[in-house]
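My notebook is open, and I am going through this one entry by entry. Have the viewer ready and follow along with me.

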Amino acid sequence: MYFVLHSIRAATFTTLACSLFLQVAYFGSVLFLVWRSGCTRRAGQKARHCGSCGEVRHDSPDHKKGEE
């Protein structure tokens, strides 16, 4: 960077600005992944709940009459 800008101050500022930007982007991506993991977990819990309701429906008395 120094060879392009020919200034140690500009090179230092540019390097610090880029490193700050990378840190903010990394932190944002971690927050996004945590949020997405929570959404996936909640969706899985809803699916399991609906699956258990479906199993209850299959054990209804009308279903058992047809088997006898």
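How many aromatic pairs does the structure hold? I looked, and the structure holds one aromatic pair. The ring centres of phenylalanine 32 and tryptophan 35 lie 5.9 Å apart with the planes at 40°, so I noted the pair as tilted. My rule was this: rings of Phe, Tyr and Trp (its six-membered ring) pair if their centres lie within 6.5 Å, and planes under 30 degrees apart are stacked, over 60 edge-to-face, the rest tilted.

Before going further, I wrote down the ground rules. This is a predicted model, where local features need pLDDT of at least 70, side-chain atom pairs count only at pLDDT 80 or more, and totals for chains, interfaces and linings use all residues. Residues are numbered from 1 along each chain as its sequence is written, and side-chain values use heavy atoms, with hydrogens and water left out.

Next I looked up the helices. I found three helices and zero strands, in the order α-α-α. Helices (H or I, at least four residues) and strands (E, at least two) are DSSP runs, numbered from the N terminus. Phenylalanine 32 and tryptophan 35 are three residues apart in helix α2, so about one helical turn separates them.

Then came confidence. pLDDT is the predictor's confidence in each residue, from 0 to 100. The protein averages 77, and 63% of the residues score at least 70. Helix α3 (residues 61-67) has the lowest mean, 57, while α2 has the highest, 82. I reminded myself that where pLDDT is low, the predicted coordinates should not be read in detail.

Buried or exposed? I used under 20% relative accessible area for buried, over 50% for exposed and partly exposed in between (1.4 Å probe, protein chains only). Of the 68 residues, 4% are buried. Tryptophan 35 is exposed at 53%, and phenylalanine 32 is partly exposed at 42%. Valine 34, in helix α2 (residues 8-58), is exposed at 55%.

Cysteine 18 is partly exposed at 43%, and cysteine 39 is partly exposed at 28%. Taking a disulfide as a pair of cysteine sulfur atoms within 2.5 Å, I counted zero disulfides.

My last entry is the surface. The accessible surface comes to about 6500 Å², and 66% of that belongs to carbon and sulfur atoms. Such areas come from the Shrake-Rupley method with a 1.4 Å probe; for residues, only the protein chains shown count as cover.
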